[in-house]
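Please read these points with the model open beside you, and check each one against it as you go. They are written for someone who is new to reading structures.

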Amino acid sequence: MFLYRIECQVKGKDLEHVIVLAESDLHAFDCAERLVKQQSLAPVDILETVILEKKPAKLGAGYVILP
Amino acid sequence: MAYQKVWAEDTSKLNKMELLKLEKDGLDVIADVYRYAKLGYEAITPDDMDRLKWAGIYQQKPKDGHFMMRVRIHSGILNSAQARALAGISRDYGRGLVDITTRQAVQFHWLRIENMPDIFGRLSAVGLSSFEACGDCPRTFVGNPLAGIDPDELMDTTELVEELSKAIHLNREFSNLPRKYKISLSANIYNTGHAEINDLSFTPASKVIDGKEVIGFHVWVGGGLSTHPYLAQQLDCFVRPEDVVKVAVGVTTIFRDYGYREKRTHARLKFLMADWGPEKFLEKLKELVGDLPSRGTDRIVGWNAGYFTGVHPQKQDGLSYVGLSVHVGRVSADELFQLADLADKYGNGSIRTCNSQNIILPNIPNEKVEALLQEPLLQRLTPFPKVFEGHAISCTGNEFCNLAITETKERMKSITDYLDSRIELDTPIRIHVNGCPNSCGQRQIADIGLQGALVKTANGVKDAFDIFVGGTLGPGARFNVRLKGRVDGDLVAPVLERLILFYKEQRLHGELFHQFVHRVGLQVIQERLDAAIAEVAGSEEVAAAKDK
């Protein structure tokens, strides 16, 4: 299990920063896109999702998101 | 006498790894390796799996019972017997792969726990060790691979490095540090030891003391890369060669006793240095080691980035060293056996590894150089590489690394092959690639740094790379800077081609790429990158690049 740092580019919106726990890279993509879609009332058009970093999932693990 | 673990007096704020180290020292896992070798991989406890780093081994991706092992090679100095031992381990247990690292060490992959006792024995028999090549302890020492033969060194540091290793390595006084700890020691005036990116570095210096010029060292503390890169700062002191061990022990003691142990991500010596500053650090150091003379004259005049390819005269009359290019640092076991044979046949058996992931065959009588150059092995490991192939650095990448997001070594080969086939250049451009932000490929110090990301679009999942420009060490050291615009992995080569051709057309005489970047300014480079990305995206070269 890894903690992933992901960027998601949604059409017409600013870049979304997403942190997800996932078993694999593909799983992380799915989780991130699901979370982004859940955040919006209107349907979203995801243009690009990018895994920037992953680290082992341990208690206390996390990322500082810079603007 | 055992020292007092001052941080253990209140364990409430220590991170989990600290508690684990207090429970059992990392070095104690080495004895357990022999037990696990009999019991098998499944018997290894999670805590001991973490401690195996002190034995120099990590689980490789995908954590199915195979391990990576790193072997310490101080200053990169090997003899042919040691090279054969390394080649034999790779052949018998490591599927024939040998990777040279950016710290002059050697890494194997595909090892199993049951192989370890035999491997430890083979290493020990030739005076090598993997112990403390990883873990929260002093790692392999980076140094001058030309030590003893270098026309550009102020002194031969070989014995000093050995003395330092005896004082520091496998010493339980220093086997429980807050985090990894990297030392560099070189007397080469072209900064072969990459002083600014190590936790502790000694660089060549001189000082007139009592009317006599004394050759010694300046001390740099608190450098490191990773996700929070930081250039080491120089202390206002001059260290005589005979005081190097004392000072190194002092700095290491400060790190051990005052370094941060609450968060793993805030534990490297650079964080303590950032808090204290060089004045306070020196004050504390003098409390431990006594007074030191103030700074003398820096004798570093430039930075050669650890590159020595070609045939060059040694300081000994009649002898040359031949620097070989090892593309992205990977040789086969068979090639390493052959290198050992060549070292014996043409030289005195010595082989040197470089932090540029290359190899040097030293001590070749001048009259034998031509014959050596005709050897078939030197057609691949050539002393005269093409510009881009000869200046390419790569981390392990997701082939074996659990943290890497992208593949790197094959990608770098395809990028440099493409550039070499299309651009003729008379100045080096150093391209480094990292498969994640953790910087094992040292992308921050590159002329052009590439950092991998994994991108999912409507067209599927692909490797992509952020591009950074303008890094250098030595006088004027600075890390490279990220440009906007992530580039599809298959398009990196043609995009860089355009950027580099712009440099080739616009540079001043003798101007290096990083110098050019900072003269014309990042905005100009960014505009060029934007144009290159737009142009390449619709060009026929896309298909050509993808075919490479």
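Predicted model: local features only at pLDDT ≥ 70, side-chain atom pairs only at ≥ 80, totals over all residues.

1. Residues are numbered from 1 along each chain as its sequence is written, chains are lettered from A in the order in which they are written, and side-chain values use heavy atoms, with hydrogens and water left out.

2. The second largest pocket has a volume of about 500 Å³, where a pocket is an open set of points on a 1 Å grid over the protein atoms alone, with protein on both sides within 12 Å along at least five of seven lines. Its volume is the space filled by probe spheres set on the points, which are joined across faces, edges and corners. Of the 20 residues that line this pocket, H74(B), Q82(B), G127(B), L128(B) and E162(B) lie nearest its centre, a lining residue being one with an atom within 4 Å of a point. Helices (H or I, at least four residues) and strands (E, at least two) are DSSP runs, numbered from the N terminus. By class, the lining of this pocket has 7 nonpolar, 9 polar and 4 charged residues.

3. How many cavities of 30 Å³ or more does a search of the whole structure find? The search finds 1, a cavity being a set of points where a 1.4 Å probe fits but cannot get out. The largest cavity has a volume of about 40 Å³, and its lining has 8 nonpolar, 1 polar and no charged residues. Among the residues that line the largest cavity are L78(B), V98(B), I100(B), T353(B) and I359(B).

4. Turning to the interface, 19 residues of chain A are in contact (heavy atoms within 4.5 Å) with 15 residues of chain B. The area buried between the two chains is about 1300 Å², of which carbon and sulfur atoms give 53%; buried area is the accessible area (1.4 Å probe) that two parts lose on being put together, summed over both. In chain A, F29(A), L52(A) and K54(A) lose the most area to chain B, together 31% of what that side buries.

5. Between chain A and chain B the count is 3 salt bridges, each a side-chain nitrogen of Lys or Arg within 4 Å of a carboxyl oxygen of Asp or Glu. The elements of chain A that give two or more residues to the side touching chain B are β1 (2–10), α1 (25–38) and β3 (46–56). Of these, β3(A) gives the most, with 10 residues, and by class this side of chain A has 8 nonpolar, 1 polar and 10 charged residues.

6. Over all chains, the search finds 45 salt bridges. One of the salt bridges is formed by K456(B) with E33(A), the closest N and O atoms being 3.1 Å apart. K456(B) lies in strand β19 (residues 448–457) of chain B and E33(A) in helix α1 of chain A, so the pair joins two chains.

7. Two backbone details in chain B deserve a check. The peptide bond from K61(B) to P62(B) is cis, with omega near 5°, and P62(B) is found in the loop between β1 (57–59) and β2 (67–71) of chain B. N191(B), although not a glycine, has a positive phi of about 55°, and its place is in the loop between β7 (183–185) and β8 (200–209) of chain B.

Conventions:
Nonpolar A, V, L, I, M, F, W, Y, C, P; charged D, E, K, R; others polar.
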